[in-house]
Amino acid sequence: MDRQISKYGFYIKNEVVGETKAVLVTPEYRDIFDNDHSIQDEHTSACFFVRKRADGKYVCTVHPGRLFICKDYHCCAARISKNGEEVARVKGKVSLVTQDEDLKNIWLDGVQKQPDRSREEITALLRGHGYSVLFYDGE
């Protein structure tokens, strides 16, 4: 977020390429935008516009106007962190992209060999090994 221009209007900027764009918080998400900052409290580097819906899924509250980098960023089903640092991305349902060898082994045995595991089961498995996982809506 570059700067706020109204209650729900913002300028957002991609510092890497210098892209700046005006966006509005989508009306259907204004209540959670105003009242839920849990993702930002839990993950200090989380996007300013990400919020958790009542069903537990995360959404971008400015989705229709997001930057290109955001469209590219959401090209995965989940992100996995350890000690506050992102260590992996999940593409599709079970394809893991990581350099973390321990996580690769956990994922192979606990997820790829059991592809019908629920998000809750995967989250519990990873938490047991010190990881946190953030699933995105729209698998």
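**Reading the fold, its cores and a pocket**

Mentor: Along the sequence, this predicted model runs β-β-β-α-α-β-β-α-β-β-β-α-α-β. That comes to five helices and nine strands.

Trainee: How much of the protein counts as buried?

Mentor: Of its 139 residues, 35% are buried, going by a relative accessible area under 20%. As for contacts between residues at least 6 apart in sequence, 38% join residues at least 24 apart.

Trainee: What makes S1, S2 and S3 a sheet, and in what order do they stand?

Mentor: A pair needs at least two bridges. S2, residues 9–14, is joined to S3 by six bridges, so the two pass as a pair. The three strands make an open sheet, ordered S1-S2-S3, with antiparallel pairing.

Trainee: Why are S1 and S3 called edge strands?

Mentor: Strand S1 (3–4) and strand S3 (19–24) each have a single partner strand, so one side of each has no neighbour in the sheet.

Trainee: Now the cores. Which residues touch the most other members of the largest nonpolar core?

Mentor: That core has 13 residues, and the best connected are Ile 80, Leu 103, Trp 107, Ile 122, Leu 126, Tyr 131 and Val 133. Two or more residues come from each of strand S6 (78–82), strand S7 (85–91), helix H4 (101–112), helix H5 (119–127) and strand S9 (131–135). H4 gives the most, with four.

Trainee: What does Trp 107 contact beyond its neighbours within four places in sequence?

Mentor: Trp 107 contacts Ile 80, Val 90, Lys 93, Val 94, Leu 96, Gln 112, Ile 122 and Leu 126. Apart from this core there is another, of eight residues, including Tyr 8, Ile 12, Phe 49 and Val 62.

Trainee: Why is Thr 123 called buried?

Mentor: Its relative accessible area is 14% and the cut-off is under 20%, so Thr 123 qualifies as buried. Thr 123 sits in helix H5. Beyond residues up to four places away in sequence, Thr 123 touches Val 133 and Phe 135.

Trainee: And why is Ser 95 called partly exposed?

Mentor: Ser 95 has a relative accessible area of 40%. Buried would need under 20% and exposed over 50%, so Ser 95 falls in between and is called partly exposed.

Trainee: Where does Ser 95 lie, then?

Mentor: In strand S8, residues 95–98.

Trainee: How do you know that Ser 95 and Gln 112 are in contact?

Mentor: Contact means heavy atoms within 4.5 Å, so some heavy atoms of Ser 95 and Gln 112 come within that distance. Their C-alpha atoms, 17 residues apart along the chain, are separated by 7.9 Å. Leaving aside neighbours within four places in sequence, Ser 95 also contacts Arg 89 and Val 90.

Trainee: Which residues are closest to the centre of the second largest pocket?

Mentor: Its volume is about 380 Å³. Of 16 lining residues, Gly 56, Tyr 58, Thr 123, Val 133 and Phe 135 are closest to the centre. Helix H2 (38–42), H5 and S9 each supply at least two residues of the lining.

Trainee: What is the make-up of that lining by class?

Mentor: Five nonpolar, four polar and seven charged residues. Gly counts as polar and Tyr as nonpolar, so Gly 56 and Tyr 58 fall in separate classes.

Key:
Residues are numbered from 1 along each chain as its sequence is written. This is a predicted model: local features need pLDDT of at least 70, side-chain atom pairs count only at pLDDT 80 or more; totals for chains, interfaces and linings use all residues. Side-chain values use heavy atoms; hydrogens and water are left out. A nonpolar core is a set of buried Ala, Val, Leu, Ile, Met, Phe, Trp, Tyr and Cys residues joined through side-chain atoms within 4.5 Å. Buried means under 20% relative accessible area, exposed over 50%, partly exposed in between (1.4 Å probe, protein chains only). On a 1 Å grid over the protein atoms alone, a cavity is a set of points where a 1.4 Å probe fits but cannot get out, and a pocket is an open set with protein on both sides within 12 Å along at least five of seven lines; lining residues have an atom within 4 Å of a point. Grid points are joined across faces, edges and corners, and a volume is the space filled by probe spheres set on the points.
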